[in-house]
Amino acid sequence: MLSVADAFAITQQHRLTLPTETVSLTNASGRVLREAVHADRDFPPFDRVAMDGIAIRFADYEAGQQTFRVAGMQRAGQPQQTLNDSNACLEVMTGAMLPIATDTVIRYEDVTITDGQATITIEDIQTGQHIHPRATDRRAGNELLPIGTLLGPSAIAVAASVGQTTLTVTALPRVALISTGDELVDVADTPLPYQIRRSNTYMLRAALASLGIEATLHHIIDDEAVLANRLAILLADNEILILSGGVSAGKADFVPSVLAQLGVQKQFHKVDQRPGKPIWFGTASDKTVFALPGNPVSTVLCMYRYVMPYLQTSLGLAPTPTRYAQLSESVVFKPNVTYFLSVHLTSEPDGRMLAHPLPGSGSADFANLLAADAFMEFPAERSEFGAGEAFPVWETLR
Ligand SMILES: Nc1nc2c(c(=O)[nH]1)N[C@H]1C(S)=C(S)[C@@H](COP(=O)(O)OP(=O)(O)OC[C@H]3O[C@@H](n4cnc5c(N)ncnc54)[C@H](O)[C@@H]3O)O[C@H]1N2
Ligand code: MOO
Ligand SMILES: [Mg+2]
């Protein structure tokens with residue numbers, strides 16, 4: 001059977017190429033940039049006063065002068081002034097242009113101003129102090145935001161500062177979330193003794209919200225013809241289908257055969273892992289289908305181990321580096337498959353991240369996930385995992 005690493009690699013080889021769209025700066029948060037953004041001016045664009053106080057010529061101070069006539073004021077938002085008179089100073093405000101013929105700023109806290117005369121009250125003054133010199137941060141023309149930047153608050157601030165009222169970003173894919181199963185009723189319904197309310201597609205929708213994707217929810221009964229009809233329509237209307245249930249060995253597990261019948265090319269079915277073994281992945285032209293196992297913990301694991309990274313790279317983000325934590329206590333898992341264990345993560349005062357096992361009662365025990373922050377991944381070829389050993393963790397949202 002396929003290893004987790006190989007299955008993951010296959011999904012990544014079939015990344016979607018999504019088109020771009022233009023969004024306003026105010027709607028760009030959380031999106032992935034598809035145009036490089038450059039500095040239109042130097043950062044900062046002028047020698048910028050960094051403290052409220054007075055600006056002087058350092059040479060005057062060096063020559064022994066302590067008291068300076070206040071010749072005027074340079075505020076932020078005013079054109080640059082000139083200090084014409086030696087022995088004088090200009091009051092200057094944070095964010096102002098440094099006046100011509102000055103080179104040093106002294107804070108108000110370090111001078112006393114009486115009768116239009118400013119007297120320095122501290123000993124140590126350095127030439128150029130409290131000035132943020134032009135172009136020290138970035139130069140005009142520098143690339144500030146490369147293609148593939150996730151637009152968070154800092155990137156949005158930089159885009160705003162260079163005049164980007166709009167940004168070209170990756171268009172979000174249309175995603176349909178489909179539960180299957182005759183036992184599943186709507187959240188608003190009262191289940192009969194042999195029924196349960198469906199929860200997986202709501203979980204999937206909540207997970208996708210962290211990528212800004214608003215997926216649609218659908219439910220299909222365990223009937224081959226109905227499944228084929230409904231899936232054909234959903235395939236036509238969406239780039240990505242994520243199904244839950246109907247992929248294992250049961251007599252009502254029609255999902256793989258119906259997808260094949262609809263021309264979705266199977267890339268793999270079943271991975272050497274627990275939970276989530278029956279996962280099915282397939283593609284058609286410009287379409288991707290993840291059919292996830294129905295047991296809710298398996299659905300969550302497959303979502304965070306395969307689907308979320310797939311969506312992130314399809315949106316144009318760089319792959320997220322693997323994160324690690326140390327096991328808080330030893331774990332034994334005999335079967336020769338990759339084992340994903342629900343863990344609660346804590347950050348320790350010594351800087352370690354610890355993973356505390358939350359074994360739960362199996363892949364249907366989704367209430368167990370209420371305390372879980374991640375799945376820890378244990379390699380298939382080992383069966384004993386020691387306290388203090390580090391293993392990859394795949395973080396989930398609760
Ligand atoms: N003979 C075998 N039986 C099973 C195998 C196997 O290899 N051989 N694999 C087991 C594993 S592992 C899993 S996981 C499940 C996967 O089953 P399916 O993907 O076919 O899913 P269903 O049979 O439709 O449902 C399984 C289980 O999950 C519940 N479910 C389904 N959808 C939802 C939903 N939207 N919300 C909440 N709960 C849901 C469903 O009621 C079932 O209890 O198969 C094992 N069997
Ligand atoms: O994915 Mo299944 O959970 O191993 O029950
Ligand atoms: Mg089944």
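**Helix packing and ligand sites**

Mentor: In this predicted model, the axes of helix 4 (residues 200-209) and helix 7 (residues 296-314) come within 11 Å and cross at roughly 30°.

Trainee: Okay, and is helix 4 roughly parallel or roughly antiparallel to helix 7?

Mentor: Angles under 35 degrees count as roughly parallel, so the crossing makes helix 4 roughly parallel to helix 7.

Trainee: What is the handedness of the crossing where helix 4 passes helix 7?

Mentor: Helix 4 passes helix 7 in a right-handed crossing.

Trainee: And helix 1, how do its axis and that of helix 7 come together?

Mentor: The axis of helix 1 (residues 4-13) and that of helix 7 come within 10 Å and cross at roughly 30°. That makes helix 1 roughly parallel to helix 7, and here the crossing is right-handed.

Trainee: Switching to the metal, what are the protein donors of the magnesium ion?

Mentor: Both donors listed for the magnesium ion, ligand 3, are OD atoms of Asp 253, and they lie 2.4 to 2.6 Å from the ion.

Trainee: Where does Asp 253 sit in the fold?

Mentor: Asp 253 is found in the loop that runs between strand 17 (240-244) and helix 6 (255-261).

Trainee: Then which residues come nearest to ligand 1?

Mentor: There are 21 residues around ligand 1, and those that come nearest are Glu 183, Ser 199, Ser 248, Lys 277 and Gly 294. Taking two of these in turn, Glu 183 places a polar side-chain atom 2.6 Å from an oxygen atom of ligand 1, whereas Ser 248 uses a backbone N or O atom, which lies 3.0 Å from an oxygen atom of the ligand.

Trainee: Which atoms of Gly 276, Asn 295 and Ser 363 lie by its oxygens?

Mentor: For Gly 276 it is a backbone N or O atom, 2.3 Å from an oxygen atom of ligand 2. Asn 295 and Ser 363 instead use their side chains, with an N or O atom of Asn 295 at 2.9 Å from a ligand 2 oxygen and one of Ser 363 at 2.4 Å.

Terms used:
Residues numbered from 1 in each chain as written. Chains lettered and ligands numbered in written order. Predicted model: local features only at pLDDT ≥ 70, side-chain atom pairs only at ≥ 80, totals over all residues. Heavy atoms only, no water. Donors = N, O, S within 2.8 Å, 3.2 Å for Na, K, Ca; no water. Helix = DSSP H or I, 4+ residues; strand = E, 2+ residues; numbered from the N terminus. Polar contact = N/O pair within 3.5 Å; in protein donor to acceptor, adjacent residues only side chain to side chain. Axes fitted to C-alpha atoms, helices over the stretch in contact; angles between N-to-C directions. Parallel < 35°, antiparallel > 145°, perpendicular 65-115°, else oblique. Left-handed = near helix turned anticlockwise from the far one by under 90°. Near = heavy atom within 4 Å.
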